Amino acid sequence: MLLRESDTSGWVLKALRECSNIVVRELSVLDEDALRWSPGEGEWCLKEIAAHLRDAEQLALRQMNAITEGRRGPLSALDIDLLPAERDYRSADLGDLLTEMRELRQEVTYLLWDLTDSDWQSSGEHPYRGPVSIETLARELAQHDLEHLAEVRRVKAAFAAP
């Protein structure tokens, strides 16, 4: 599923809230073997996906706060796709990862709920992409969730397959 530019901010907020809740439900019922299993070389296990979603949430919140607070200078930029290889996310506690992800998502949604339509268009300077609006960041975060929810379901199905 893809978010369209015509989707309203309310729909984006709904997608952000619902998708993260579904990811939590999908992961919280699994045992450690399922959470640590990877479908192939270089592919993430479910714990690494959860940690990646938490990292994405943290980065998006940092960027949105910088824009709403009117901070000068470039927005934070980090290649969060590299972090699972650099950090031992397989050994992380899933409960902690999901709690952190949900707390960060709550901060993001509270921030977005308080914005006016014109605030959604406020932007900051991304060091590689140029001007980026809060709306763009929110839509990308919701789309990112959807992509990784599909990945979670794919990994779970592959683990369960005989």
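A residue counts as buried under 20% relative accessible area, as exposed over 50%, and as partly exposed in between, with a 1.4 Å probe and protein chains only. The structure described here is a predicted model, in which local features need pLDDT of at least 70 and side-chain atom pairs count only at pLDDT 80 or more, while totals for chains, interfaces and linings use all residues. Residues are numbered from 1 along each chain as its sequence is written, and side-chain values use heavy atoms, with hydrogens and water left out.

**Overall fold**

The protein contains seven helices and two strands, taken as DSSP runs (helices H or I of at least four residues, strands E of at least two) and numbered from the N terminus. Read from the N terminus, the order of the elements is α-α-α-α-α-α-β-β-α. Along the principal axes, the C-alpha atoms fill a box of roughly 50 × 30 × 25 Å.

Of the 162 residues, 46% count as buried. Contact means heavy atoms within 4.5 Å; among contacts between residues at least 6 apart in sequence, 75% join residues at least 24 apart.

**Arg 154**

Arg 154 is located in helix H7 (residues 134-160). Apart from neighbours within four places in sequence, Arg 154 is in contact with Pro 39 and Glu 43. Pro 39 lies 115 residues from Arg 154 in sequence, yet their C-alpha atoms are 9.2 Å apart in space.

A search of the whole structure finds two aromatic pairs. Rings of Phe, Tyr and Trp (its six-membered ring) pair if their centres lie within 6.5 Å; planes under 30 degrees apart count as stacked, over 60 as edge-to-face and the rest as tilted. One of the pairs joins Tyr 110 and Trp 113. The pair is tilted because the planes stand at 40 degrees, with the ring centres 5.4 Å apart. Both residues lie in helix H5 (residues 94-113), three residues apart, about one turn of the helix.

The table gives the accessibility of the residues discussed above.

| Residue | Relative accessibility | Class |
|---|---|---|
| Tyr 110 | 43% | partly exposed |
| Trp 113 | 45% | partly exposed |
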